[in-house]
Amino acid sequence: TECVSGCVCPEGLFDDGRGGCVQEKDCPCTHNNQWYSSGQKITVDCNTCTCQKGVWSCTDHVCYGTCMIYGSGHYITFDGKFYDFDGNCEYVAIQDFCGDKNSSGSFSIITENVPCGTTGVTCSKAIKMFLGKTELKLENKEYKEIQRDVGDDVVYSNRTVGLYLVIEASNGVMLIWDKKTTVFIKLSPDYKSKVCGLCGNFDDKSNNDFTTRSGLQETNALKFGNSWKQSPMCPDVTQEIKPCDMKPHRKAWAEKECSIIQSEVFKICHSKVNPVPFYEACVHDACSCDSGGDCECFCSAVAAYAQECTKAEACVFWRTPDICPIFCDYYN
């Protein structure tokens with residue numbers, strides 16, 4: 001009925017969001033604020049998605065789940081819950097000996113936490129991995145195998161990939177260790193809802209990850225974490241440690257160093273992975289590592305965010321000769 005100023009596409013064509021007009025079959029798709037042309041493929045976790053007429057069509061493989069433990073007591077469960085727990089003891093990271101007394105589990109992974117620094121925060125010092133009758137102990141940048149008398153034979157292999165030692169078992173369990181304080185545990189989808197421990201229950205719901213050893217739902221990270229200690233002799237953790245309050249002279253340095261996570265360097269990742277919990281964990285670690293190794297703590301914290309960015313298809317080149325350099329020739 002009246003003229004409206006502006007641009008429109010001719011009849012039968014569609015606005016492609018980039019200033020052009022295309023036929024319906026050529027409509028683009030968006031993912032994480034980026035445009036993709038019809039026919040383009042992207043990888044999301046272990047699935048491939050193809051853009052078709054403006055809509056994503058994806059394969060529906062069920063993917064391995066990942067739990068990450070890093071730095072001074074930071075956990076990201078299989079279902080994506082991020083929490084902190086600082087306990088000085090051995091704790092069950094994950095196992096499939098859960099609840100049902102008749103069920104015989106095939107594996108468990110124990111993390112041994114020790115104080116790192118003088119503020120009382122703890123880091124993972126050693127990991128024990130029980131696969132049937134084989135026990136693997138990862139400590140001091142190497143691993144030892146111990147054969148026990150009971151249990152099944154579970155075949156496993158180990159290899160070094162860059163900075164990481166990777167142990168892959170035939171029962172669908174994989175452990176990736178950076179030989180310092182970072183551990184990734186990957187489980188095949190067969191274990192969904194069949195595992196328990198500090199890494200949660202892998203049922204795609206993060207709101208019930210704080211399930212204690214006795215099967216109760218807990219809201220408090222400390223009560224949940226205490227329930228998974230291996231030895232009743234260890235003291236319970238009663239309060240959350242705030243190292244920056246205890247070492248205020250380190251706080252400004254920690255915030256300055258860790259600001260890289262929220263800076264332009266990681267800009268392409270910010271819309272894909274929320275940087276705030278990783279920044280806060282970085283400041284916590286940079287304040288707490290005050291007895292040597294403070295750079296290592298900082299670098300592990302930034303690397304944890306970079307790793308999540310890579311998983312979300314945002315590859316960030318953040319290491320420089322001044323910031324956490326790695327001598328690739330040596331590792332290759």
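Biologist: How do the residues of the lining of the largest pocket divide into nonpolar, polar and charged?
Modeller: Bearing in mind that this is a predicted model, the lining of the largest pocket divides into 19 nonpolar, 7 polar and 6 charged residues.

Biologist: And which residues lie nearest its centre?
Modeller: Of the 32 residues that line the largest pocket, Leu 163, Tyr 164, Ala 303, Arg 319 and Ile 326 are the ones nearest its centre. Two or more lining residues are given by each of β16 (156-161), α6 (294-311) and α7 (328-331).

Biologist: Which element gives the largest share of that lining?
Modeller: That is α6, which contributes 9 residues to the lining of the largest pocket. In terms of domains, at least three lining residues come from each of domain 2 (65-227) and domain 3 (243-312).

Biologist: What volume does the largest pocket have?
Modeller: Its computed volume is about 990 Å³, while the second largest pocket has a volume of about 790 Å³.

Biologist: OK, switching to the second largest pocket, how many residues line it, and which lie nearest the centre?
Modeller: The second largest pocket is lined by 33 residues, and those nearest its centre are Asp 45, Tyr 64, Thr 66, Glu 308 and Lys 311. The elements that supply two or more residues to this lining are β5 (41-44), β8 (65-70), β19 (183-187) and α6, and α6 is also an element that gives two or more residues to the lining of the largest pocket.

Biologist: What's the split by class there?
Modeller: For the second largest pocket, the lining has 15 nonpolar residues, together with 9 polar and 9 charged ones.

Notes: Residues are numbered from 1 along each chain as its sequence is written. This is a predicted model: local features need pLDDT of at least 70, side-chain atom pairs count only at pLDDT 80 or more; totals for chains, interfaces and linings use all residues. Side-chain values use heavy atoms; hydrogens and water are left out. On a 1 Å grid over the protein atoms alone, a cavity is a set of points where a 1.4 Å probe fits but cannot get out, and a pocket is an open set with protein on both sides within 12 Å along at least five of seven lines; lining residues have an atom within 4 Å of a point. Grid points are joined across faces, edges and corners, and a volume is the space filled by probe spheres set on the points. Helices (H or I, at least four residues) and strands (E, at least two) are DSSP runs, numbered from the N terminus. Ala, Val, Leu, Ile, Met, Phe, Trp, Tyr, Cys and Pro count as nonpolar, Asp, Glu, Lys and Arg as charged, and the others, Gly among them, as polar. Domain bounds come from an automatic or database domain assignment.
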